[in-house]
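Please look at the sequence and the 3D structure shown below.

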Amino acid sequence: MKDERGRELLKGVTRRHFFRQTGFGIGVAALANLLREDLFLPSAHAAGPFEPRAPHFAPRAKSIIYLFMAGAPSQVDLLDHKPKLSELNGTNAPEDIFKGERFAFIRGTPRLLGSPYRFARHGQSGAEVSELLPHLATIVDDVAILRSVHTTQFNHAPAQIFMNTGHQIVGRPSLGSWLTYGLGSESADLPGFVVLLSGENQPDGGKSCWGSGFLPSVYQGVEFRSKGDPVLFLRNPDGVRPEDRRASLDAVNELNRTHLEEQGDPEIHTRIASYEMAYRMQTSVPELMGIAKEPPAMHELYGTEPGQRSFANNCLLARRLIERGVRFVQLYHRGWDHHGTNSRDDIVNRLPSLCRETDRAAAALVKDLKQRGLLDSTLVVWGGEFGRTPMNEERNGSKFLGRDHHPRAFTIWMAGGGIKPGVTVGTTDDLGYNAVEDAVDVHDVHATVLHLMGIEHTKLTYRFQGRDFRLTDVTGNLIEKLIG
Amino acid sequence: MRMRVHGLLAGAALLAGIASVRAAGPATSPPATEYAPVQAIFTAKCVRCHGPEKQKNGLRLDTRGAVLEGGIDGPAIVPGKSAESRLVRQILGENKPRMPYKEPPLEAGEIAAIRAWIDAGAPGPAEAKVAAEAPVQKHWAYVKPVRPEIPAVKLSAWVKTPIDAFVLARLEQEGLAPSPEATRETLLRRVTLDLTGLPPTPAEIDAFVADTSADAYEKVVDRLLASPHYGERWARPWLDLARYADTNGYEKDRRRTGWKWRDWVITAFNADMPFREFTIEQIAGDMLKDAGPDQRIAAGFHRNTLLNQEGGIDVEEARWETLVDRVNTTATVWLGTTLACAQCHNHKFDPFSQKDYYRMLAFFDNAEYRVEGEGPKVMDKWIVEPELELATPAQAARKKSIEEEIARVQSRLDATTPALAAAQAAWERERTAPPPVWTPLRPTAARSAGGATLAVAEDGSVTASGPNPERDTYTLAARLPAAPVTAFRIDALADPPRGTPGRGDYGAFAVTRLVVEAAPAGGRLRAVPLARAEADSDANAAALLDRDPETGWRGSDPDHSYAAVIQPQAAVAGDRVVIALEHQGKQPRYNLRHFRLSVTSSPHPWGGLGLPEKVQAIVATPRSQRTEAQRKELADYYRGIAPARERDRQRLRELRKEMVALAIPTAMTLRERPAGERPSTPLRVRGAFTSPGDRVYAAVPAALHPLPENAMPNRLGLALWLVDENNPLTPRVTVNRIWEQYFGRGLVETSEDFGIQGDRPSHPELLDWLATELLSQGTRLKPIHRLIVLSATYRQSSRFTPELLGRDPYNRLLARGPRFRVEAEMVRDIALAASGLLSGKVGGPSVFPFQPEGIWDNPYSDDRWQLSDGEDRYRRAVYTFARRTAPYPGLTVFDAPSREFCTARRVRTNTPLQALTTLNDPVFFEAARALAARTLKEAAAAPEERAALAFRLCTARRPKPPELAPLLSFEERQLARFRADPEAARAVAGAGAPGEAAELAAWTMVANVLLNLDETLTKE
């Protein structure tokens, strides 16, 4: 049976449900022939494709907040402590590790660059964290650190697209799209997959990072904008008050209902439902975005300043979105691309400032979820699209310290949502160049994330161009050591 | 989808229902004793390991013969005895391992179907009783269509075209009757939308309703087929297939010029170019004998690929990606085949090997390209493929005269004269003179127009911080020393390792103009005319003095300090000076970061200024000791900065600008490299660019028809092969795609995949009849369109009866007319047409209608959406500028693809974001306002008349009383509210609305309702 057919039928289910709820007579008998009512899960919403759907098995997490650090943070300066690298600082990198390697910018023989930052062990778990992340250091016992991820891509756009869709070329659905396609959403008033941006701009991969690929476009991430309306065209035109909009929607719906009686096309129901959802979003989205009403203690915790475009504000918004039943929230913070060509992209000035922009709020998010009892059901993921070289880039002889793109090993962390708290999984070699123990690839990360959401990754498929596609392509192994 | 089957919809009854919809059409469960549904189960669940690709345990399950033959362990089944059949025992798990291996077990319904078939004696078509080693029966789509007999039907009076006979025969078989014909209004709107993408005008509706002649409808169809808007509407699906866009895609996503190709497509459709020529010219128009500009433009089809220009990209890999896309797109567009599967391995289901894939790729691997660009600062190389220049006669003439003048000016500039030699000698003396004494100015005020903070240090130097706008002007005031000033000097200062001279990329700066004003003590400021400017390492610094914002003085090394000296026409004797340093050029944020201003009163201000390293070395060499090459180099350098030639240099810049401003359109094309041998390419192991394998030569897939005899094995030969009469796929794929546009689903629903994994056609004979009809019409498409829209099938009412909804919810049997939400482009075009805003202009460069702020944010591009002027704001959606990384939101929200890859079939969604768009997007609200104004102007004053006209403009029909009533009461209440609130009325009615704002505002709200009706957004 085809995925698409299942989706179509599901729409029918929803329509049927809507019929019953709103008491329209037309077509009920006909639909009842096609779809037996006892097969449906009860649902409080008529949101069509976002109808909540049961996972394959009992999930550990119900929702995900993915903190995507676009630009690729330096693992050896933040989470993967390499004393040996510091020892060898300034010496030529051993030829056998970089020979034949394709770098974005490094030319010739690069020199090793030890981290200028101190690492210390924290918490009961004794996890090693750099001094640049003092807030993360306070929550390490709730966090699982994974130091052995590798990817196949060494340029930002394809690597970000790979990290999000399991394929380096645009056109495949992103993780959030797969999740909302597979599980629907618990929110009647908000989209199931929301994207929030902060930092220098959009990620390099652009909107393809949260695209739905060949899945229906309803599953693409909805980008809440940080300037103007958070959702495009959410605001009524000037001079149109909410009650006018209500009255005009009543007129639209009444005419549509009249036409439905004549025409009998269930799709007209879907339209009426989507206009109602649009109306609810006009209220629910501004309410959601109104973080100014949060108590001062919250602002103190996150470091939020209402009205600003900031990672901290987005972290707080992410928590509010999850509270309202949204399935997948993805934050992008762009600016981690520290090549060291000048003082604004080096690891001495810029890396610490990026940490200051993000560390407190990311840790606050985990603390806040925990104190609200939401951490168990929410998986928080932090990470970029690849790592950075243990070598100094020295592009055109630059005197600034910086690191080139490095796909062979990088670090991400997760919290909540069924992970094993306090573990550090995976080891890289002495230089942090290659993952040598528990090496995992992007598909393994995806398989694990889906597993925590109650999805068997080989079974979440969609038929397109003659093939069953899945997020993990033809691979993907669970990272058992990460699962609690 | 498996997941929901297991998790949510688990229930055999429902599954059986779905299976029947898929395999044989709705409501008729195929008898389980037929082989076809059983093979469908094997194909879906088993053939991956037991088929042409792999034969685990020697077993194949892709034909009935093979099933009977069995594998290493003997026959898979015992006909008549399912319980004894090995296959059954294994799918039940009685024999281990349970099959399918490591996959979920077969559904109960599937197992039952297989068992019933075996128990019935495993019946099957006689021809399928072949031994496993005999050639596998060809998949239907790979067999050339044979024109089927037109079936006999009972209700023959209903039949208007042969299409109807095929449709009706099936309906009669199912015991269904066709629906009555749609009303005239509905039919006219349907066919006008289908053929032109626009709604009919009230006059067209009136004329059609009033025309009682027998051929009234045919006349309408012929009128629409002749409309220039036909080509615009039918270009749209082709543009999706061709992944046409106006930018290159990927991170930088720069603009490209492709619209000439888009216009070629529209023109070709309007001219009803046979699909044969249409294909040949797009695949290989450049290789045709006597190829003219049109054929070369057409060959731009495969230039619509993405182009990767990201830093660090391997250019060969970037090109390889385009080749892969060309193969995949060709296969989808013409063959309806998922050849892409064979990039990494032999196709799992269809008869295409990995070698086949690279043989196809070889056809495209002989096209010309070159690698351009290698900046020292940023890795910046990219692939360049050929472009055509398409000047109008006037442009060509002007271009010629510009070129001639450029040549004249250039030769004047290059000329060596005794006067110039003398001036050069004097200049050399000036430059080698001892440095004068420079007195730093200590600004008393320093202001940035763009909001930067300018801090003045003790030493007089100024440092900018804070906001760094794209363009800025620094204005500095300072006291002048007592002695008259003979020259000013600007130093752009680097403070390594952290501080750069500028604030642009990598610390670069540009000063595009310098303005000096001076005032005597207690007097007014007056402009100081400047005579000459030179810099230490930028030969273009003289342009500091002109008004051209694109030229000036620049520096780009982050660790290097730069200096420029500027001489006034006369020494400045004054008390104070105001100096403006402008950066108004194209490069964003190239503002100075750290700089100092100084003055001198020396008559020899040029000494010590420095020159580019090489030139400096020459100047420092005594004349007699200079080599000829050095003499020439120095002379060349001097000519480039000689004040006497500044006018010519300026003229040259103007001419070059004018050349750009001519905006001679270009088009992308392909050009074949001269080929000594058959085009070839290395196979890539597992599809990876970095793993080249054996070299393979251009050839067509072995499973399909051979290259025609007259065809060479090159790209042109490939084109001829695609349109060869023996091609079983292209005619079917082409008519199916047309059918899909009309009925919402193709006869083969998977219009992108006619292979084994694709859907079977709902009406195989009809598909083959249409395919053969296309050929007998000389591959012209308009006759096919005409046949379809004239059919009784197409003309049916689209009303859903409860019976039809139950039996055939997706209308595969076609017992009613099509009804679905119109495509993204039509959503916009309908609103603009109804409101009267729509421009009828056909063709031309892509346009920029209103779009909200912030859509085009791209860190690697400063390209901006520049709202078009006048009617270009209201063009049809097909002309909207298509940027791949940031597509137009009003189109994407209605499922328009980003055009990054070939899209054969758009999904169709209905979402709240769409509702927000048509309700609140200024484009749609402006349309509502215009529709209201049009209604007030064109309709009689009675509210019923107004409502009726507006309703008709949107839906093509008159409202019925139960529809009119809510509209009128809404209007009445809105009118009262706007009368009570004139400010709101003005806001809604828009600035400068004539007459009473309240009335227009109220009708704008009504129009907004009408533009959001389901019927307005739907083809009914």
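## A strand and its partners in chain B

Over how many bridges do strand β9 and β17(B) of chain B pair? Strand β9 (residues 487-492) and β17(B) pair over six bridges, in the antiparallel sense. Strands here are DSSP runs of E of at least two residues, helices are runs of H or I of at least four residues, and both are numbered from the N terminus. Two strands pair if DSSP finds at least two bridges between them. In this pairing, B:A487 stands opposite B:T600.

β17(B) has other partners as well. Strand β4 (residues 439-440) of chain B pairs with β17(B) over two bridges, again antiparallel, and B:P440 stands opposite B:S598. Strand β7 (residues 462-465) of chain B is joined to β17(B) by two bridges and also runs antiparallel to it, with B:T463 opposite B:H594. β17 itself covers residues 594-600, and six of its seven residues are buried, so the strand is largely enclosed by the rest of the structure. A residue is buried if 20 or more other C-beta atoms, placed from the backbone, lie within 10 Å of its own; it is exposed if there are 12 or fewer, and partly exposed in between.

## About the model

This is a predicted model, in which local features need pLDDT of at least 70 and side-chain atom pairs count only at pLDDT 80 or more, while totals for chains, interfaces and linings use all residues. Residues are numbered from 1 along each chain as its sequence is written, and chains are lettered from A and ligands numbered from 1 in the order in which they are written.

## Chain B as a whole

Chain B holds 35 helices and 22 strands. Its C-alpha trace spans about 115 × 80 × 55 Å along the principal axes. Of its 1020 residues, 48% count as buried.

Helix α32 of chain B covers residues 943-955. Because 10 of the 13 residues are buried, α32(B) is largely enclosed by the rest of the structure. Among the buried residues are B:R946, B:L949, B:F951 and B:C954. The cover over them includes α9 (202-210), α28 (824-835) and α31 (922-938) of chain B. After α32(B) comes B:A956, whose phi is positive, near 75 degrees.

## Chain A: confidence and domains

The average pLDDT of chain A is 86, and 88% of the residues score at least 70; pLDDT is the predictor's confidence in each residue, from 0 to 100. Over residues 1-47 of chain A, pLDDT stays under 50. Where pLDDT is low, the predicted coordinates should not be read in detail.

Chain A is divided into domain 1 (41-227 + 309-482) and domain 2 (234-293), with bounds from an automatic or database domain assignment. Their centres, taken over C-alpha atoms, are 37 Å apart. The contact between them takes 11 residues from domain 1 and 10 residues from domain 2, where contact means C-beta atoms, placed from the backbone, within 7 Å.

## A sheet in chain A

Three strands of chain A form an open sheet in the order β2-β10-β11, with antiparallel pairing. β2 (111-112) and β11 (403-406) are the edge strands, each pairing on one side only. Three bridges join β10 (residues 387-392) to β11(A), and A:R388 stands opposite A:H405.

Notes
Contact = placed C-beta atoms within 7 Å. Expected span 1.5 Å × (residues − 1).
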